[in-house]
Amino acid sequence: MSAAGNAHVVVFAFPFGSHAAALLDLARRMAAAAPGVRFSFFSTAATNRKVADLPSNLKVYDVDDGVPDGHVLTGNPLEAIGMFIDATPENFRRQLGEAVEDAGARITCLLTDAFLWFAADVAEELVVPWVAVWTAGPTAAALHMYTDEIHRRLGDGDRHPAGTLDFLPGMSAIRVGDLPMEILNLDTPFARLLHSMGRVLPRAAAVAVNSFDGIEPAVEDDLKSKLQKLLTVGPPPAPRRSEDQSGCLAWLDRHSAAAVVYISFGSMLTPPPEELAAVADAIEEEGIPYLWSIRESPQRQLLQEFFDRTESIGKVVGWAPQPEVLAHPSVGVFVTHCGWNSVTESIIGGVPMICRPFFGDQMINRRRVEETWQIGVGVGGGAFSRDAVVRALAIVMRSDEGTKFRENISRLQKCAFSAIEENGSTTLNFESLIRIATSPQN
Ligand SMILES: *[C@@H]1O[C@H](CO)[C@@H](O)[C@H](O)[C@H]1NC(C)=O
Ligand SMILES: CC(=O)N[C@H]1CO[C@H](CO)[C@@H](O)[C@@H]1O
């Protein structure tokens with residue numbers, strides 16, 4: 001890496017959900033591994049505002065969010081996403097000059113959220129490689145690349161939700177009903193963005209995926225044959241224990257092995273009140289110790305009496321250090337919406353799951369958990385009811401099937417651990433990523 005001193009990686013984030021944080025996390029890891037390389041991180045002011053403690057070779061730039069002055073957003077996330085998409089790619093392009101001037105180095109690589117597919121063109125104009133970062137799993141990435149094929153096969157009429165996608169490599173477990181709405185209905189700006197992304201990903205010099213080798217082998221092989229380079233770069237290094245402000249880990253320390261149920265639906269969604277009440281009723285009936293992460297919301301208010309009544313067996317927090325919680329030996333089961341990060345963190349922690357997916361890739365992830373990997377259960381009927389949760393808890397915590405889940409998950413866990421060893425796939429792929437982003441050929 002002799003020319004690394006002049007290397008300059010520009011990072012474009014997608015400023016919604018957990019995407020910007022995931023890109024920043026990757027940029028931080030790269031900046032730490034390549035201290036002589038300059039990183040310029042582009043996102044909206046709303047997400048950049050929360051950024052702190054940056055290394056000296058990583059600088060943040062605000063791009064326009066596309067919301068007209070004085071406009072009041074309705075709160076529907078698709079509205080803000082649509083306005084942002086309309087503002088691209090000009091909002092990103094406008095900041096490039098300033099970043100180049102500050103860095104005193106021309107750009108050597110464009111590393112962007114895969115959603116920002118127009119970066120393929122921007123990188124071509126700059127004559128630098130485009131590295132796309134896919135923050136979810138290989139299956140979801142492949143399905144976006146197969147969107148045209150899926151439409152050809154299924155037609156527009158009779159789409160039976162139980163029909164499988166066995167016409168695609170490694171997809172025989174996936175059902176039509178598991179597909180994200182954005183693949184089945186291409187009429188929204190967000191769906192069109194994902195559709196375009198699926199078509200241009202083969203133009204990327206590399207696609208970095210937040211996964212580890214060996215957990216979806218058939219899909220990984222298929223992606224390798226279609227992409228210039230597939231770089232699995234998960235899981236992130238082990239978290240530090242110092243961030244236990246909420247006291248979750250200290251609380252878990254007081255419980256015996258696999259005794260606690262951990263409940264979290266991520267930062268993006270809160271299930272409807274009747275479903276939360278069903279989970280609460282089931283836990284109270286079973287008397288199982290629980291750790292529940294739920295941010296302040298009207299739904300949380302409605303659970304307050306339950307939290308008060310069950311104070312002796314439960315702990316409720318607005319935010320939990322999830323990877324550390326799931327890695328704690330006291331956690332025996334995870335009630336989850338099946339976001340990709342949650343699923344991989346549960347695998348790394350060796351914790352079987354009870355799945356209640358809502359949207360996006362969550363239904364696909366649940367199918368992998370329940371059928372492909374056999375490391376958890378969905379709730380009968382698709383939504384939480386008290387009886388369904390009681391049954392699912394009994395299966396995971398007390399049945400032979402639960403034992404089987406734990407055996408199966410330990411095999412996947414080994415994939416994660418070997419990926420981050422000295423010559424593991426993630427370790428080598430991360431080095432490869434740094435090389436592509438900073439190499440003098442650019
Ligand atoms: C990793 O690979 C290198 C090069 O092939 C080799 O020299 C080294 O011994 C390997 N390390 C381990 C721990 O296997
Ligand atoms: C998918 C998978 O690996 N399933 C296995 C889970 O564990 C049971 C019991 O060891 C096996 O029979 C399954 O094949």
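Let me start with valine 127, which is exposed, its relative accessible area being 64%. It sits in the loop between α5 and β5, the strand that covers 130–134. Its phi is positive, near 55 degrees, and valine 127 is a residue other than glycine. Before I go on, please keep in mind that this is a predicted model.

There is a second case of this kind. Aspartate 53 is not a glycine either, yet its phi is positive at about 55 degrees. You will find aspartate 53 in the loop between α2 (45–48) and β3 (58–63). Is aspartate 53 buried or exposed? With a relative accessibility of 73%, aspartate 53 counts as exposed, because the cut-off for that class is over 50%.

Staying with the backbone, I have two cis peptide bonds to show. One joins threonine 88 to proline 89, with omega at about -5 degrees. Proline 89 belongs to the loop between α3 (77–87) and α4 (90–103). The other runs from glycine 234 to proline 235, and its omega is near -10 degrees. Proline 235 is placed in the loop between β7 (230–232) and α11 (248–253).

Now the aromatic rings. A pair of aromatic rings is described by two things, the distance of the centres and the angle of the planes. The count for this model comes to 20 aromatic pairs. Take phenylalanine 14 and phenylalanine 115: the ring centres are 4.9 Å apart and the planes stand at 80 degrees, so this pair is edge-to-face. The angle cut-off for that label is over 60 degrees.

Where in the chain do phenylalanine 14 and phenylalanine 115 lie? Phenylalanine 14 is in the loop between β1 (8–12) and α1 (19–33), while phenylalanine 115 is in the loop between β4 (109–113) and α5 (119–126). The two residues are 101 apart, and the pair links distant parts of the chain. Phenylalanine 14 has a relative accessibility of 2% and counts as buried. Phenylalanine 115, with a relative accessible area of 8%, is buried too.

Another pair to look at is phenylalanine 306 with phenylalanine 307, which is tilted, with 5.5 Å from centre to centre and 55 degrees between the planes. Both phenylalanine 306 and phenylalanine 307 are buried.

Going back to phenylalanine 14 and phenylalanine 115, they belong to one aromatic cluster. One more ring deserves a mention: arginine 356 lies over the face of phenylalanine 358, at 3.9 Å from the ring centre.

Next, ligand 2. Which residues surround ligand 2? They are Thr372, Trp373, Gln374, Lys404, Glu407, Asn408 and Arg411. By class, this shell has 1 nonpolar, 3 polar and 3 charged residues. Helix α19, residues 400–419, gives the most to the shell, with 4 residues.

For glutamate 407 the value is 2.9 Å. For arginine 411 the value is 3.4 Å. As for cover, ligand 2 taken alone exposes 360 Å², and the protein buries 53% of that.

I will finish with two buried loop residues. Glycine 424 is in the loop between α19 and α20 (425–438). At 7% relative accessibility, glycine 424 counts as buried, because the cut-off is under 20%.

Valine 176 has a relative accessibility of 4% and counts as buried. From valine 176 to threonine 164 is 12 residues in sequence and 6.0 Å in space, C-alpha to C-alpha.

How values were computed
Residues are numbered from 1 along each chain as its sequence is written. Chains are lettered from A and ligands numbered from 1 in the order in which they are written. This is a predicted model: local features need pLDDT of at least 70, side-chain atom pairs count only at pLDDT 80 or more; totals for chains, interfaces and linings use all residues. Side-chain values use heavy atoms; hydrogens and water are left out. Rings of Phe, Tyr and Trp (its six-membered ring) pair if their centres lie within 6.5 Å; planes under 30 degrees apart count as stacked, over 60 as edge-to-face and the rest as tilted. Buried means under 20% relative accessible area, exposed over 50%, partly exposed in between (1.4 Å probe, protein chains only). A charge sits over a ring if NZ of Lys or CZ of Arg is within 6 Å of the ring centre and within 35 degrees of the ring normal. A residue is near a molecule or strand if one of its heavy atoms lies within 4 Å of it. A polar contact is a pair of N or O atoms within 3.5 Å; within protein, one must be able to donate a hydrogen and the other to accept it, and residues adjacent in sequence count only if both atoms are side-chain atoms. Accessible areas come from the Shrake-Rupley method with a 1.4 Å probe; for residues, only the protein chains shown count as cover. Ala, Val, Leu, Ile, Met, Phe, Trp, Tyr, Cys and Pro count as nonpolar, Asp, Glu, Lys and Arg as charged, and the others, Gly among them, as polar.
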